[in-house]
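Student: Could you take me through the reading of a model with several chains, feature by feature?
Tutor: Gladly; please have the sequence and the coordinates open beside you.

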Amino acid sequence: MAKMGNLYDATKCTACRGCQVACKNWNQLPAVIEPFKGNYQTHESTNANTFTIVKFFEYDDVYGPKWYFCKHQCMHCEYPACVDVCPRKALYKNEWGAVLKDYQKCVGCQYCVYACPFEIPKYHKESDMVTKCTLCAERVEAGGIPACAKTCPTGALQFGERQELLAIARERVKYLRANGFPNATIYGEHELGGLNKLYILGDVPEKYGLPSEPKVSSITTFWQNIVQPWFGLLIPLALAGSAASFFTTRFLKARREQQEGGATHGTHN
Amino acid sequence: MELITKYEPDVERIERFSFVARFAHWSHTITFVILLLTGLLLFMDSRWDFLAVVFGGYRGAGLIHRIMAVIFTVVPLVCVVLNWRGFVEWWKDVFSFGKNDIKFLLKFPLEFMGFHVDIPPQTKFNGGEKMNSVVTTTSCILVAISGYIMWFPSIFPPTLVRLAYPTHDIFMIIATMMVCMHGYLGSLHPGSGESFWGMVKGTVKADWAEHHHKAWYDKQREQQG
Amino acid sequence: MTNHVIDLKNTDCALIIGSNAAENHPITMKWLTKAREERGAKIIHVDPRFTRTSAVADIYAPLRSGTDIPFIGGMIKYVLDNELYHRDYVAYYTNASFLVAEGYDFHDGLFSGYDPEKRQYDSSSWDYQKDAAGNPIRDMTLQHPRCVLQLMKKHYERYDIDTVCKVTGCPKDKYMEVLKTYCATGAPNKVGTIMYAMGTTQHTVGSQNVRAYAILQLLLGNVGRPGGGVNALRGENNVQGATDMALLFHIIPGYINSPMNTAAHKDLQAFLATETPSSGFKVNTPKWVVSLLKAWWGDSATRDNDFAYHYLPKRDASKNYSHIAMFEAMYEGKVDGLFIMGSNPVVGGPNANKEQAAMSKLKWLVSVDLWLNESAEFWSYKAWERPVKNPNVPQLKPTDIETEVFFLPAAGVYEKEGTASNTGRWMQYRWKGAEPVGESKPDLWIIDQIAKRVKKLYENSTLPQDEPIKNLTWGYGHGDEPEVELVGLEINGYYVDSGKPVESFANLRDDGSTTSGCWVYCGCMTTKPNGELDYKPKWRDNTDNSKTGLGLYSNWAWAWPLNRRIVYNRCSVQPDGVTPWPGDEDRVLIKWDPIAGAWVGDDVCDFNKTLAPDAPGGTNPFIMKPDGVGGLFATTTGMKDGPFPEHYEPWESPFKNVFSSQQNNPCIKIWEPDKQGTSDKYPIIGTTYRVVEHWQTGALTRNLPWLAELMPNMFVEMSEELARLKGIKNGQKVIVSTTRGDIEAVACVTKRIKPMVVNGKEVHQIGMVWHFGFKGYAVGDPANRLTPHVGDANTMIPEYKAWLCDVRRA
């Protein structure tokens, strides 16, 4: 099956946040009501009960104010760090690109929370599990599209085959660059080996709260690629050494005793 | 040939470890093992699921791991306070690492495998034990700190949390390795002899002490004398 | 809307002014985005605040709240000076060529005929010069000094770019950009749309603001064509239906003036004589009125009894029945009871402190709502909590209030069936999605029960004054639940003899043989060949019937009048009726077919179907107007406050009017002269608005956790400069004060609001949402505790959008 994903066009988004509500509706997530903090953005980032969040960024430039909106959620990476670190293999990537989770297996260790270069998965205290966007896999497999894309009134969010979306995105970015958005760019085509959530940005990624070169932390890579597979071998090594010693000591002692004609005097008695 | 040296109560024995020290040692041992087993569930792949059953599933294991973690960190601290003098003595000895200790360490592999070697006079703790003290204690501290960071990640900077994972793993592995060796050397290794009883009963045979920890033995005698 | 929502995709340029379309009409942005993507359309946003609409606009031009007329007046001048207007359109389809009577004059902010005592105009001099036959005299060269175009040119002479920028505070480069971009739609092959909403209307010059837009659109030839129009984005999903059905004080259904206790309205004949113009489509008024009376009183309305005209209540001509007036009367103890449905005046009414106090003087109050909203609990302790003690604001306790409050739980929109008329005049049927919760009931059920029970009380009365109730037709099925289709049938109208629906308002009669509850909706129901009723709002064919892809979707729901998707669509072709506007072949809606002798096209023609273009009146597309053309100049009955929009400062303004010595609209009624704030004490301009996350007074949305989460508290937006000046930090609590009261809110310090330079002086504007109250999950002080009790001269809509205030740290 071809890779599927979303295409989010930040230049068409009006930050109505219908996607945020539709997501909560479909996933039956409770509201997390926090006091107004001087910005339209509800929460600092995604949280265990908020799988997707529209972030607001204000800038001033010579033409006047700029207000950028960006929908943040799980990027469904082609090479997901969260899947790599999950000790229980609760996280996995399905055949059409969604990074999913078997909640039966999640033990709330939160390794994925800190492995994610986009800081998306969040720990849900009540259930002791980590939650995140599922790309509405169950809807997609039933022939539908994700709730967020379904509800988007302006057409800023589309769902479809990644290759087709990329083609649309390339066209759109070409158009935008020629029409007042010189910094317009596609995000997610190559980042981290490709994301299944593609973005059309009117400006540089940083201005939308996205890392321009997302990287899985080198600490995480070191941990996953070196510590996990190799360091553990030290334990069997120690056990093997002890076992060997158990026999050699006894063997050597027996031989010594034999040589010394049964004399019991030794260093070790 | 017996696995562990026989305990001989009716020969001359001198005190090696106080009750508090032994309590600290054994409580630490037990919690470490439980922590290790409950923790390994996440370190190892799912073939070790059977272990989870023992602890009431992964969540049970997680809970036990946390409870043990508290005991693991709190008990030694309490014991340090209760047996401050012993603690100071231990670490003074550990840090009086001298020529004889180096000689011990150089010859240790041979001894470990059972060859006969001449050991220079050792203080209360021989070179190997000193090294064990340093490595194990460091590991335990790092494992504990990284463990608490992982337990309450939201109050720490993300980079620190990310660093905590490999730290916890690496030092868990080192500590486990040391524990394996230490456990073996302290019990089943023919050379351990009386040291096992030192940690179990608190006393060792005087002549064993003289042979193995000459410097300490002499000092004890001096003090008694 | 003259056009409809989907039609926005056909535009070349959208001027959004007085509207935050992206937030309050999100779906309009779907089509504007399409227009931008597919046609390269430009979006211009003119607003005091940089909103989410501005964020997606190509050009954002700031303006000081309440200065739309200078802004548009300057555009009109620019169009006229540079001859950018659509010449043929203007000459044929508007009254630009009409000569104005000599009596008309304008001097220092006042038009001819002003009576300062009554504060109103005698508008008889605002008329055309007429020939012997009574027909207006035209000068098709548009050169005659008394022709509308020349008079208009003279009127807007004062609105030069520099003055406009000085008054509005819009930077000149931005204004120039707007002028150049939007006025380019005067080219015959270009069409621009103006989208507006409450930012336009909620001013003491609100109606004239809209007039200014209409004038600009007519000059640029943008009305009656796809992608154009003067598009009021209605504030609620069924507010179009509410106005059509006359939920207003001055009209009866179908935009007919409601009868008054005057000699001119003393009987049906006098009423019809007064209200029926001599020309234009409104000559049919008698048919509409008689059919309405027949719908309401059935067999009791006969030719002999004036079709029961005497049953109709007559309003007192000396009184004003608008929202403000009603609450002023209530405040004086002149109102016994209040029935609130779908409203929440404690949050939504202007000068809400006063309106809340007024409610305490009621004997009884019935509140119908989904939740116990602020108005239903106006008597509670919480309702009288104020952030600061203010001697002018009453502080009551529940024990001080004797009003008996009844609460009727209402069903939500998805828990009932019926139609709603959207902003594009589409009457759409909505099926029930879920059963109502608990004891809540649909509005229709509630009204039905009340009507039935009231009628029962009067059943045996023989008093003549009880006849209107006794004889009122009330038959919407026999069951407990009224049948929606039968209500629909009454609104549509039926033939008295057969009971079958009337197919079109053209078939309505004034002889009592037809009924129609609202003539504009006549035609929404017909009979299918099999005899069943065809209720057109239920139509759901989502294929576009436009051959050129204009997105008419004529078989999806039904639009009044007679399913015309774009009104005045005669304008979409040249006066000859067959030639498209040059370069605009794809946007022709209807065309004269000389062989068939009729107008044909994808849209239903908004014109006499068989009137040839060369016949008299064949080029008069604005059929509802007596003169048949677009009114650049509003004649006698058009407006209360002048034939051309003229700038007057908001009732509370920090500036002197630079255009004339008339500071405020001379026709507005001043209710509370002592409450006019001055700029020495209240130097900041305040305005109110909505956000996409909440709806109106928030009764519905603040009770939904998912929406409460998105906008959890009352906030006030201010510039970084003002915040620095006042020592306010983002997220801090502040107090906003006016002469009417004080509220507490969270400061939202933003780069999106900038101080403005007006008349060479720096002025600050702050904005606040008016969604909040003390009930629900998202709570905060109602912004309307600050707004004044003053309204537009024509409509009495309160001036919510521009008033003076001060802000300080709480």
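This is a predicted model: local features need pLDDT of at least 70, side-chain atom pairs count only at pLDDT 80 or more; totals for chains, interfaces and linings use all residues.

Student: Which chains have the most contacts among the pairs that touch?
Tutor: Two residues are in contact if their C-beta atoms, placed from the backbone, lie within 7 Å. Among the 2 pairs of chains that touch, the most contacts are between chains A and B. Chain B and chain C do not touch, and their nearest C-alpha atoms are 22 Å apart.

Student: How many residues does the contact take from chain B and from chain A?
Tutor: The contact takes 32 residues from chain B and 36 residues from chain A. To name the elements, take helices (H or I, at least four residues) and strands (E, at least two) as DSSP runs, numbered from the N terminus. On the side of chain B that touches chain A, two or more residues come from each of helix H1 (19-43), helix H3 (57-82), helix H5 (99-113) and helix H7 (158-188) of chain B, and H7(B) gives the largest share, 15 residues. For composition, Ala, Val, Leu, Ile, Met, Phe, Trp, Tyr, Cys and Pro count as nonpolar, Asp, Glu, Lys and Arg as charged, and the others, Gly among them, as polar. By that rule, the residues of the side of chain B that touches chain A divide into 21 nonpolar, 8 polar and 3 charged.

Student: What does the contact between chain C and chain A take from each chain?
Tutor: That contact takes 32 residues from chain C and 28 residues from chain A. On the side of chain C that touches chain A, H20(C) supplies the largest share, 6 residues, and the residues of this side divide into 21 nonpolar, 5 polar and 6 charged.

Student: How do two helices pack against each other?
Tutor: Two packed helices are described by the angle between their axes and the distance between the axes. Axes are lines fitted to C-alpha atoms, for helices over the stretch in contact, and angles run from 0 to 180 degrees between N-to-C directions. In chain C, helix H4 (residues 68-81) and helix H8 (residues 172-183) pack at an angle of about 60°, with their axes 10 Å apart. H4(C) and H8(C) are therefore oblique to each other (angles under 35 degrees count as roughly parallel, over 145 as roughly antiparallel, 65 to 115 as roughly perpendicular and the rest as oblique). Met75(C), Tyr78(C) and Val79(C) in H4(C) meet Leu179(C), Tyr182(C) and Cys183(C) in H8(C), and the residues of this contact divide into 6 nonpolar, no polar and no charged.

Student: Where does Pro561(C) lie?
Tutor: Pro561(C) lies in the loop between strand E19 (558-559) and strand E20 (590-593) of chain C, and a cis peptide bond, with omega about -5°, joins Trp560(C) and Pro561(C).

Student: Does phi call for attention too, and is Lys89(A) buried or exposed?
Tutor: Lys89(A) has a positive phi of about 60° although it is not a glycine. A residue is buried if 20 or more other C-beta atoms, placed from the backbone, lie within 10 Å of its own, exposed if 12 or fewer, and partly exposed in between; Lys89(A), with 11 C-beta neighbours inside 10 Å, counts as exposed.

Definitions and conventions:
Residues are numbered from 1 along each chain as its sequence is written. Chains are lettered from A and ligands numbered from 1 in the order in which they are written.
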